[in-house]
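We will select a few pieces in turn and look at what lies around each of them.

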Amino acid sequence: MRFTVKTLLALTAFMTVKAQEATAYADGNTAATGAAATDKTAATTAATTANTANAATTGATANPPVTGGEILSCTVPNTIAWTFDDGPYQFTEQLLDTLKANNIKVTFFVNGNNWWGDLREDPAKLAVLKRACTEGHQIASHTWNHWTDPNIPGESIEPATIEEIKSTLDPLDDLIEQQCGFRPKYFRAPKGEIKPETVSFVNQLGYKLIKWDTDTNDWHTAWNTKTNQWSDVGPEQDPNVIDDPQRRVKEAEEFLTAEFNLKKPSYLILDHDVKEHTVKQIVPWLIENYQTLLPGYKFVTVAECLGDVPLSEVPGNNTVVVDKSVSNLNATNPNANADAKSSSLVSSEVSTFYVMAALLISTIFIIKGKCFSIFWRTYIFFLPKLVLKINEQFSDSFKLELELELELELELELELELELELELKSKFLIHYTI
Ligand SMILES: [Zn+2]
C-alpha cells in the first residue's frame, strides 16, 4: 500500500481534531464534576460543621450531648425555646411586632403551603417569612404542605416512601434559602408524628428532628359542652361541640404556670402562630409573666437551647452562620478542585496520546514511503521540539497537581480555624446563658 503526502496530511488533521475534541470533552467534564462535587461537599461540610458545633458544645458543658433521633428538650440550662408551627399566616406579623418590642427570639417551624396557601404566589406572604429570619428568629422546616393530602383536608399523613418525604422537604428548603439565604437544619414533623425509619432518614439528610416538652395545646379549641371535655371532633361533626379559644387560653396559662413552677432545667414550648388567641393572648401573657415565674431564664432559639451555635452575639439567624461557613468553604471547595485537577490531567493525557500517535504514524509513513522531501526533512527537524513540548505539558500538569495539593492543605487549615471559632462561640453561649 502506498501512502501519499495527502493521506498523511489527512491523518494528521484527523488526529489534531481528535486531540481538540478530547480537550473539550475533558473541560466539559471538569465543569460538570465540579458542580456535582460542590453539592456533595455542601452537604458533607454542613454535616461536618453541625457535628463540629455539637462536639464543641459537648466539650464545653456538662450537659448531655445532643444525639441523633428525636430531640424533645433543650440541653442548655435556664433556656426557654419558644416554637411556633404552621405559619406564616395572617397573625405572624403581629407576633413579630410583639417579639421585636420585647427583644425575644423564637423558632418558626414553617410550611410552604398551609394556612396561607402556596407562599410563592404572594410576595406579601413571602415578605413575612423574610422578615422573621431578618429579625433574627430561627427558621426551621415543618414540611412543604404539612403532609396534607389534598383529598383529605385537615389530615396530616406521613408519605409512604422516602422519595415522597424528601419531595415535601426540598421545595420548602429552596423557598427558605431564597428568602433567608440559608437552608434549614432543624425539622419538626407535622403533629410531631413520624415513623422511626423516617427519623433516621431525616437525620441522614442532615436535619435535627425537634419535638417539644411543653405543649400548650393552643391549637385545640373544640370543647364539648355536653361532656365538659376537649373534643376530638369539631363543631361541624358534633352539635354539642363549640369553638372555645378563651377556655384554651385560660388552660394554657394555668398549664404554663404549673410547669414553670416546677423550675425544670429548660423548656421547649410548642405554640402556633396561625392561631389568633395564641398571638393576641397567650404570647403577651407569657412575656409578661415569665420573668416572675422563671427568674434567670432566657428566651432563645432551638439552635441556641441545644448549644449548637450562639445566636445572641451575631446579627441574623444562627443557621445563616453555619451556612455561611459552608458556602465559604465551597467557594474554594477542595473536592471540586481535586476533581478539576484530575479532569485537567485526563485532558492533557488524552491530548498527548493523540499527538504522540500522530507523530508515530507519520514517522512510520515517512520511513515506509521514503518520501524525504523538504517538507518531511523540516518535519523531522521539528520532531524533537514537539517531543519537548509534550514533556513540558506533562510537567505543567505535575506542577498543577502540586499547586492543588498545597491549596487543599490551606483549605484544611481554614476548616480547623472555623472549628475553633465555633468552639469559642459555644463556650461564650454557655457562660452567657448560665
Ligand atoms: Zn404543624
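The tour begins with the whole chain and then moves through strands and helices.

**The whole chain**

Keep in mind throughout that this is a predicted model. With everything selected, you are looking at a chain whose secondary structure comes to 11 helices and 14 strands. Of its 434 residues, 35% count as buried. If you consider the contacts in the chain with a separation of 6 or more, 79% of them are accounted for by residues 24 or more positions apart.

**A covered strand, β2**

Now select residues 79–85, which form strand β2, and show their side chains; 7 of its 7 residues are buried. Which residues cover the two sides of this strand? Thr79, Ala81, Thr83 and Asp85 lie on one side, while Ile80, Trp82 and Phe84 lie on the other, and all of these are buried.

Strands of a sheet pair through backbone hydrogen bonds, either parallel or antiparallel. Strand β13, residues 266–272, runs parallel to β2 and is joined to it by 7 bridges, and within this pair you can find Ile80 standing opposite Tyr267. Strand β14, residues 298–300, also runs parallel to β2, with 3 bridges between them, and here Thr79 has Lys298 as its bridge partner. A parallel pairing through 3 bridges likewise links β2 to β3, where Asp85 has Phe109 as its bridge partner. If you then follow the chain from β2 through α2 to β3, you trace a right-handed β-α-β unit.

**Helix α3**

Color Val128, Leu129, Ala132 and Cys133, which are the buried residues of α3 to look for. Seen down the axis of α3, its buried residues fall within an arc of 135°, so they line one face of the helix. The face turned away from that buried side carries Pro123 and Ala124, which are exposed. The buried residues of α3 pack against α2 (92–101), β3 (107–110), β6 (138–141) and α4 (162–180). Just after the helix, stop at Gly136, which takes a positive phi of about 90°.

**Helix α4**

Move on to α4, whose 19 residues should span 27 Å at 1.5 Å a residue; its end C-alpha atoms are 26 Å apart, which agrees. Color Ile165, Thr168, Leu172, Leu175, Ile176, Gln179 and Cys180, as these are buried in α4. Looking down the axis of α4, you will find its buried residues within an arc of 115°, so they line one face of the helix. On the other side of α4, Glu163 and Gln178 are exposed. The buried residues of α4 pack against α3, β6 and α5 (196–204). After α4 comes Gly181, whose phi is positive, near 85°.

**An open sheet**

For the last stop, select the open sheet of 3 strands, which has the order β11-β10-β12 and antiparallel pairing. Its edge strands are β11 (229–230) and β12 (241–243), each of which pairs on one side only. Strand β10, residues 222–224, is joined to β12 by 3 bridges, and the two run antiparallel. To finish, find Ala222 and its bridge partner in β12, Asp243.

Key: Residues numbered from 1 in each chain as written. Predicted model: local features only at pLDDT ≥ 70, side-chain atom pairs only at ≥ 80, totals over all residues. Helix = DSSP H or I, 4+ residues; strand = E, 2+ residues; numbered from the N terminus. Buried ≥ 20, exposed ≤ 12 C-beta atoms within 10 Å, placed from the backbone. Contact = placed C-beta atoms within 7 Å. Arc of directions from axis to C-beta. Pairing = 2+ DSSP bridges. Right-handed = clockwise from strand over helix to strand, strands pointing away. Expected span 1.5 Å × (residues − 1).
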